[in-house]
Amino acid sequence: MLGKAFAIGFLGAAATSAAQSTFEPSDFNVTEALIDQGVNVSAIPALEGLVERSSSSACSIACNSLQIIFGSGKVITQQSSAYDTFTASYWSVQQASVDPYCVFKPAKSSEVSVLVLLSRLTQCPFAVKSGGHAAFGGASSIQGGITVALEKINEVTLSADKKSASIGPGNTWYDVYTRLENQNLAVIGGRVAAIGVGGLTLGGGISFFSNLYGWACDNVLSYEVITASGLPITASPTSFPDLYWALRGGGNNFGIVTKFTLSTISQGKMWGGGRLILESNFPAVITAFYNLGKNAAQDPNAAQILSFAFAQNTKFASADLQYAKPVSNAPILAEYMAIPAIQDSTRVRSLADLTVQFNASNPNGLRETYWAATFKLDKDFTNFIQTVFFDEINAIADAPALIPAATLQVITVPQLEKMALHGGNPLGLSASMGPLILLNLNMMWSSNSDDARILKANSNIIRRTVAEAKKRGLANDYVYMNYASQFQAVVPSYGSGNQQRLKSVAAKYDPAGVFQNLQPGYFKLDGAPDGGMP
Ligand SMILES: Cc1cc2nc3c(=O)[nH]c(=O)nc-3n(C[C@H](O)[C@H](O)[C@H](O)COP(=O)(O)OP(=O)(O)OC[C@H]3O[C@@H](n4cnc5c(N)ncnc54)[C@H](O)[C@@H]3O)c2cc1C
Ligand SMILES: *[C@@H]1O[C@H](CO)[C@@H](O)[C@H](O)[C@H]1NC(C)=O
Ligand SMILES: *[C@@H]1O[C@H](CO)[C@@H](O)[C@H](O)[C@H]1NC(C)=O
Ligand SMILES: *[C@@H]1O[C@H](CO)[C@@H](O)[C@H](O)[C@H]1NC(C)=O
């Protein structure tokens with residue numbers, strides 16, 4: 001209806017260079033910025049009278065405006081089957097139960113700019129969804145606000161020299177790996193098919209290949225990000241390097257990333273799968289876990305994820321093992337492979353195929369909680385974690401459909417060394433601290449009447465293991481964003497120097513606090529999303 005007026009152009013070069021000194025002037029006019037984006041504000045009567053003040057009908061105005069500007073193909077409203085399909089696309093029921101006023105599906109970054117400015121003008125809050133795998137409600141969804149689903153921003157483009165790939169945050173890792181594998185290439189990303197590029201990469205990102213290349217965030221060459229003023233900028237080691245640093249683990253606090261340019265790696269077929277191990281072999285599996293974690297540098301092709309879990313009244317361990325080459329008998333994995341397994345799915349296969357196997361054990365449609373803690377790698381302490389876990393789940397074992405797990409990984413010295421790449425990241429970790437145990441408690445269940453006691457069991461396990469680690473001199477403050485619960489303070493765990501620096505980067509690029517206040521979900525720069533630790 002508004003025709004060519006909406007042919008949107010990016011703000012010109014003059015605006016970009018002015019931004020280097022004062023990123024957003026104190027007299028920044030949101031209405032004028034929208035007009036600069038090609039939005040004919042005077043053609044939308046409800047917007048015209050709004051001068052950056054909140055209104056009880058804020059989200060009605062914002063969602064209607066999005067529909068007028070972009071058409072109903074990009075805006076989903078309540079009480080439609082598309083709306084129900086959308087909310088069901090989250091992994092956890094807690095996120096699927098959140099009802100946004102509308103869902104906006106931008107197809108390009110300029111449309112994201114308009115969204116940010118419309119939110120500012122109307123004061124309608126928003127949330128951003130990539131793969132939708134954050135577990136707690138409101139992480140990438142927003143009650144009564146605008147959920148911005150990035151699924152249409154899904155390019156996967158190799159550079160001419162094939163050394164990097166530009167990847168839209170609307171992709172899942174399965175999409176990315178299947179697009180690159182015919183070239184025998186991959187990138188550093190997630191290990192489960194349906195995880196999104198956006199959340200995993202902004203929080204850190206542990207891959208099967210992290211002992212070789214580091215975490216996902218340390219393999220990002222540049223980010224295209226829409227900032228609070230709607231300005232698209234490229235953050236890299238040479239362009240807005242402070243923002244580039246902040247995005248490598250700082251989460252959703254600085255802008256909406258519309259493109260990740262990732263280093264590619266050569267990657268053909270690999271080896272991997274899971275081995276199911278009974279309780280009688282726990283001592284052997286803990287020794288194997290410890291040795292592989294400690295000796296990672298001897299052969300960084302190998303990787304492991306060790307879960308202790310409880311199902312059908314039985315304690316068991318699941319050792320998910322990987323090797324980056326199509327080799328089924330790597331010497332470094334021999335100790336693990338000598339432990340008897342009652343089931344074994346390890347084989348030579350593609351990366352995408354392995355992510356599909358792990359996807360199958362993480363279906364949508366259940367209640368979910370994730371928790372994180374970090375400790376110095378220690379064999380006795382690994383055993384201690386396992387005993388506390390099984391002790392605490394006694395109190396919840398009767399919850400219907402409960403599958404509780406304590407998943408252990410090692411943040412190895414090779415991984416920590418790579419965190420210094422490209423000027424370092426804000427996570428507050430260094431090689432001298434390593435190797436570290438990364439504990440991820442993860443539980444799925446079906447009834448909300450069990451929420452309170454299940455969350456309590458998780459917080460008890462974290463409390464008890466952290467207290468014991470302090471006694472033994474094995475404590476490490478780091479809380480991994482991608483595994484943390486809503487009750488955990490992630491950004492403060494990076495250390496006060498990093499937290500302060502992240503805050504000053506946010507103040508520079510987002511002086512009005514748009515990404516703190518109008519996008520309230522997930523891990524903000526202060527404290528935990530929910531102060532009510534169970
Ligand atoms: C089954 C399963 C397997 C997992 N496997 C791994 C793994 O192998 N390695 C690992 O490190 N972690 C893993 N995780 C943790 C995972 O990294 C986090 O859950 C992550 O948040 C998921 O990203 P997402 O895009 O799917 O989530 P979302 O819920 O869509 O996003 C998470 C947060 O990031 C923000 N966000 C997303 N995209 C953008 C963007 N483009 N710009 C700004 N903000 C954005 C969202 O607003 C939200 O706050 C796994 C989780 C699950 C449930
Ligand atoms: C912002 O710009 C609009 C359009 O030019 C104008 O009507 C409005 O008064 C300006 N607002 C402020 C606070 O200056
Ligand atoms: C903006 O909308 C108004 C009101 O509909 C119209 O008169 C004007 O011509 C439009 N401007 C542009 C540039 O399209
Ligand atoms: C991953 O699992 C989800 C949820 O069960 C499913 O919708 C999706 O199709 C799966 N993806 C792949 C590539 O297997």
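Predicted model: local features only at pLDDT ≥ 70, side-chain atom pairs only at ≥ 80, totals over all residues.
Is Arg367 buried or exposed? Arg367 counts as buried, with a relative accessibility of 12%. A search of the whole structure finds 17 salt bridges, and the largest nonpolar core has 72 residues.

**The salt bridge of Arg367 and Asp451**

- Arg367 forms a salt bridge with Asp451, and the closest N and O atoms of the pair are 2.7 Å apart.
- Asp451 counts as buried because its relative accessibility is 18%, and the cut-off for a buried residue is under 20%.

**The salt bridge of Arg120 and Glu24**

- The side chains of Arg120 and Glu24 meet in a salt bridge, with an N to O distance of 2.9 Å.
- Arg120 belongs to helix H7 (residues 109–122), while Glu24 is found in the loop between helix H1 (13–21) and helix H2 (30–36); the pair therefore ties together parts that are 96 residues apart in sequence.
- Arg120 is buried, with a relative accessible area of 5%.
- Glu24 also counts as buried, at 8% relative accessibility.

**The salt bridge of Lys315 and Glu279**

- A salt bridge joins Lys315 and Glu279, whose closest N and O atoms are 3.6 Å apart.
- This pair links distant parts of the chain, 36 residues apart: Lys315 is in strand E14 (residues 314–323), and Glu279 is in the loop between strand E12 (270–278) and helix H12 (282–294).
- Lys315 is partly exposed, with a relative accessible area of 28%.
- Glu279 is partly exposed as well, with a relative accessible area of 40%.

**A network of salt bridges**

- Salt bridges link Arg347, Arg349 and Asp353 in a network.

**The nonpolar cores**

- In the largest nonpolar core, of 72 residues, those with the most contacts inside it are Trp173, Val176, Trp215, Leu243, Leu247 and Phe254.
- Helix H11 (residues 241–247) gives the most to this core, contributing five residues.
- When its neighbours within four places in sequence are left aside, Leu243 is in contact with Val225, Ile233, Ala235, Phe254, Val505 and Tyr509.
- A second, separate core has 52 residues, among them Trp371, Phe381, Phe389 and Phe390.

Terms used: Residues numbered from 1 in each chain as written. Chains lettered and ligands numbered in written order. Heavy atoms only, no water. Salt bridge = Lys/Arg side-chain N within 4 Å of Asp/Glu carboxyl O. Helix = DSSP H or I, 4+ residues; strand = E, 2+ residues; numbered from the N terminus. Buried < 20%, exposed > 50% of the residue type's maximum accessible area, 1.4 Å probe, protein only. Core = buried A, V, L, I, M, F, W, Y, C linked by side-chain atoms within 4.5 Å. Contact = heavy atoms within 4.5 Å.
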